[in-house]
Amino acid sequence: MAWIYRTGTITVDGFLLEATMALTRKGKYWYGDEDGDIAAVIGNYSRAAGYPATLFRAALCSCGSARFHLFDDEVEGAARRDCVACGESHLMFDSAEYLAEANLDEHVCMCDNAALSIHCGVALYEGTQDVQWLYIGCRCAECGMVGVYADWKCEGGPVEAFMARV
């Protein structure tokens with residue numbers, strides 16, 4: 001079953017884009033052909049959760065790689081990504097503030113692959129540019145499975161500063 005998901009326009013890395021993604025459903029999971037499909041899945045998930053994501057950003061390592069191992073603790077609101085190419089670890093968003101209490105667990109795809117492309121989406125408080133809810137979506141580099149791997153309510157402050165730390 002193929003599903004064409006049209007979001008209209010979305011903001012990715014500060015650019016306004018017309019987004020049409022094609023996703024395929026196999027069982028209860030979605031699969032995509034490109035990393036841009038992650039924003040579509042985050043958009044659908046976030047609307048169902050009641051806090052629609054309106055801004056999206058892809059994680060990219062300083063070495064240029066877009067593949068990571070993802071670790072997070074949704075209860076404490078902390079996440080870290082480790083680059084598959086160079087090994088650099090990066091605390092995401094405001095995670096440094098919550099790391100002492102966090103127990104970070106690694107995410108692994110259903111196919112047992114841990115190399116993931118990561119995109120994040122945020123919902124803002126109405127009438128502001130302050131982050132209210134965070135969504136971390138991933139696409140498996142091996143099988144293409146796409147999903148929201150973590151989300152939590154947060155007091156992220158101004159969106160540009162928050163998203164700069166993807």
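Rings of Phe, Tyr and Trp (its six-membered ring) are taken to pair if their centres lie within 6.5 Å; planes under 30 degrees apart count as stacked, over 60 as edge-to-face and the rest as tilted. By this rule, three aromatic pairs are counted. The model is predicted, so local features need pLDDT of at least 70 and side-chain atom pairs count only at pLDDT 80 or more, while totals for chains, interfaces and linings use all residues. Residues are numbered from 1 along each chain as its sequence is written, and side-chain values use heavy atoms, with hydrogens and water left out.

One of the aromatic pairs is formed by Y51 and W133. Their ring centres are 4.5 Å apart and their planes stand at 10°, so the pair is stacked. The two residues are 82 residues apart and link distant parts of the chain. Y51 lies in the loop between α1 (37-49) and β4 (55-58), and W133 in strand β10 (residues 130-140). Helices (H or I, at least four residues) and strands (E, at least two) are DSSP runs, numbered from the N terminus. Burial is assigned from relative accessible area: buried means under 20%, exposed over 50%, and partly exposed in between (1.4 Å probe, protein chains only). Y51 has 27% relative accessibility and counts as partly exposed. W133, at 16%, is buried.

F93 and F162 also make a stacked pair, because their ring centres are 4.7 Å apart and their planes are at 20°. F93 lies in the loop between β7 (89-91) and β8, and F162 in helix α2 (residues 159-163), so the pair ties together parts that are 69 residues apart in sequence. Both F93 and F162 are buried.

Strand pairing was assigned where DSSP finds at least two bridges between two strands. Strand β5 (residues 68-73) is mostly covered, with five of its six residues buried. Six bridges join β5 to strand β6 (residues 78-83), and the two run antiparallel. F68 stands opposite C83 in β6. The bridge partner of F71 in β6 is R80.

β6 is largely enclosed by the rest of the structure, because five of its six residues are buried. β6 pairs with β7 in the antiparallel sense over three bridges. D82 has S89 in β7 as its bridge partner. The hairpin of β6 and β7 has five residues between the strands, and G87 takes a positive phi near 85°.

Two charged side chains lie over aromatic rings. The criterion is NZ of Lys or CZ of Arg within 6 Å of the ring centre and within 35 degrees of the ring normal. The charged end of R80 sits over the ring of F71, 4.3 Å from its centre. The charged end of K26 sits over the ring of Y31, 4.8 Å from its centre.

Cysteines were examined next. A disulfide is a pair of cysteine sulfur atoms within 2.5 Å. A search of the whole structure finds zero disulfides. For C83, the closest cysteine sulfur is that of C63, at 3.7 Å, which is too far for a bond. C83 is buried, with a relative accessible area of 4%. For C140, the closest cysteine sulfur is in C111, 3.6 Å away and again too far for a bond. C140 has 0% relative accessibility and counts as buried.

C140 is also among the contacts of N113 (contact means heavy atoms within 4.5 Å). N113 lies in the loop between β8 and β9 (116-124). Residues up to four places away in sequence aside, N113 touches V108, C140, A141 and E142. N113 is buried, with a relative accessible area of 14%.

At 1.5 Å a residue, the 13 residues of α1 should span 18 Å. The end C-alpha atoms of α1 are 19 Å apart, which agrees. Buried residues of α1 are D37, I38, A39, A40, V41, I42, G43 and S46. Just after α1, G50 takes a positive phi of about 95°.

Conventions. The expected span of a helix is 1.5 Å times one less than its number of residues.
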